[in-house]
Amino acid sequence: MTPHSHDGASWPPRSIAPASPETRGMLLGLIGVAIFSLTLPFTRLAVAHLDPVFVAMARALAAALLSIAWLRWKRAPLPARAQLPTLLAVTVGCVIGFPLLTSIAMRTLPASHGAVLVGILPLATALFSALRGHERPSAGFWTMAALGSALVIGFALRQGGGGLHRADLAVFAAVLLAAMGYAEGGRLSQTMGGEQVIGWALVLSLPVAAPATAWLLWRDWAMIAAAPASAWLGFSYVSVFSMFIGFFFWYRGMALGGVARVGQVQLVQPGLTLAGAALVLNETLHIEHILFTFAVIAVVGAGKRMKVAR
């Protein structure tokens, strides 16, 4: 007797079709965003007792040393000369620029306030990708990206009493640099692999990060040595997870699903960062934070269905 269900369907059921590359890319991107979402809270934890420039340079140095070990273990080939300008853009945007500017901003801004400003990253990432001619998002996609960005900017202005401060401008500049690095790195990941992209970008930061870290260690040794465990916890997270492991998921996701589409997942980052700020820093989480998060997730869901030509 052959096994059949009562309605005539065969048993066992046919294997479930594997997820499409875009779906897998979105999932990997979401993991990366979840890791990145704790960057601002842990950065604020670190810069409460450590110099912001030291945090930015030393985290790049620590992640670069991890990258060297990983690249040697994988016997990764040296990047081609034609790939170096793109890798340098990732270095400037994601390894040096964003960490430095956000570290300075987190000295005065609450992590929850910075979170909503970083929420415009998806629009900025798609903009850089479109300007470079890599992808052509549809009008519907741009509408969803603009709506999501309007939500987070409006929320930021509401929290800031209707105005933006100098630290706000530092975060906006950081967002632009990160968007450039995300777009360029996501494109290069399609041929080079996301792990190698961030690995070599970190290695390229060594001529700046290593001497800067050494000098700051010499200058501020007493303050660095006296920093409490909480500061080193924050520093460890941004060095290992924010600067290294998170990019493995993020760039691989963009390589599979496309820079503009997977970049939309970043719209959930402000809500996750708000939750992280409440857990890590005990910052107050209001009901409007929760409502804002659900609104942004709804926009992401709509944006995922919009056409993006690659």
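This is a predicted model: local features need pLDDT of at least 70, side-chain atom pairs count only at pLDDT 80 or more; totals for chains, interfaces and linings use all residues.

Student: What is the mean pLDDT of the protein chain?
Tutor: Of the residues in the chain, 87% reach 70 or more. The mean over the protein chain is 84.

Student: How many helices and strands does the protein chain have, and what share of its residues is buried?
Tutor: The protein chain has 15 helices and two strands. It has 310 residues. The share that counts as buried is 51%.

Student: What share of the contacts between residues at least 6 apart joins residues at least 24 apart?
Tutor: Take the contacts in the protein chain between residues at least 6 apart in sequence. Those joining residues at least 24 apart make up 91%.

Student: How are helices α2 and α3 oriented to each other?
Tutor: Helix α2 covers residues 39–47, helix α3 residues 52–74. Their axes lie 9 Å apart, at an angle of about 125°. That angle makes α2 relative to α3 oblique.

Student: Which residues of α2 and α3 make this contact, and how do they divide by class?
Tutor: From α2 come Thr-39, Thr-43, Ala-46 and Val-47. From α3 come Pro-52, Val-55 and Arg-59. By class, the contact of α2 with α3 has four nonpolar, two polar and one charged.

Student: What is the handedness of the crossing of α3 and α10?
Tutor: The axes come within 8 Å and cross at roughly 125°. The pair is therefore oblique. As α3 passes α10, the crossing is left-handed.

Student: How many nonpolar, polar and charged residues are in the contact of α3 with α10?
Tutor: The α3 side includes Phe-54, Met-57, Leu-61 and Ile-68. Among the α10 residues they meet are Leu-206, Val-208, Thr-213 and Leu-217. The count for the contact of α3 with α10 is 15 nonpolar, one polar and no charged.

Student: Are α3 and α4 roughly parallel or roughly antiparallel?
Tutor: Their axes are 8 Å apart and the angle is about 150°. The cut-off for this class is over 145 degrees. The crossing is right-handed. The two helices are therefore roughly antiparallel.

Student: Which residues of α4 touch α3, and what are the class counts?
Tutor: On the α4 side are Val-95, Ile-96, Pro-99, Leu-100, Ser-103 and Ile-104. On the α3 side, the contact includes Pro-52, Val-55 and Arg-59. The contact of α3 with α4 has eleven nonpolar, one polar and one charged.

Student: Is Arg-75 buried or exposed?
Tutor: Arg-75 sits in the loop between α3 and α4. Its phi is positive, about 50°, although it is not a glycine. Relative accessibility is 75%, so Arg-75 is exposed.

Student: Where is Asn-282, and what is its phi?
Tutor: Asn-282 is in the loop between α14 and α15. At 66% relative accessibility, it counts as exposed. It is not a glycine, yet its phi is positive, at about 60°.

How values were computed:
Residues are numbered from 1 along each chain as its sequence is written. Side-chain values use heavy atoms; hydrogens and water are left out. pLDDT is the predictor's confidence in each residue, from 0 to 100. Axes are lines fitted to C-alpha atoms, for helices over the stretch in contact, and angles run from 0 to 180 degrees between N-to-C directions. Helices (H or I, at least four residues) and strands (E, at least two) are DSSP runs, numbered from the N terminus. Angles under 35 degrees count as roughly parallel, over 145 as roughly antiparallel, 65 to 115 as roughly perpendicular and the rest as oblique. Contact means heavy atoms within 4.5 Å. Ala, Val, Leu, Ile, Met, Phe, Trp, Tyr, Cys and Pro count as nonpolar, Asp, Glu, Lys and Arg as charged, and the others, Gly among them, as polar. A crossing is left-handed if the near helix is turned anticlockwise from the far one by less than a right angle, and right-handed if clockwise. Buried means under 20% relative accessible area, exposed over 50%, partly exposed in between (1.4 Å probe, protein chains only).
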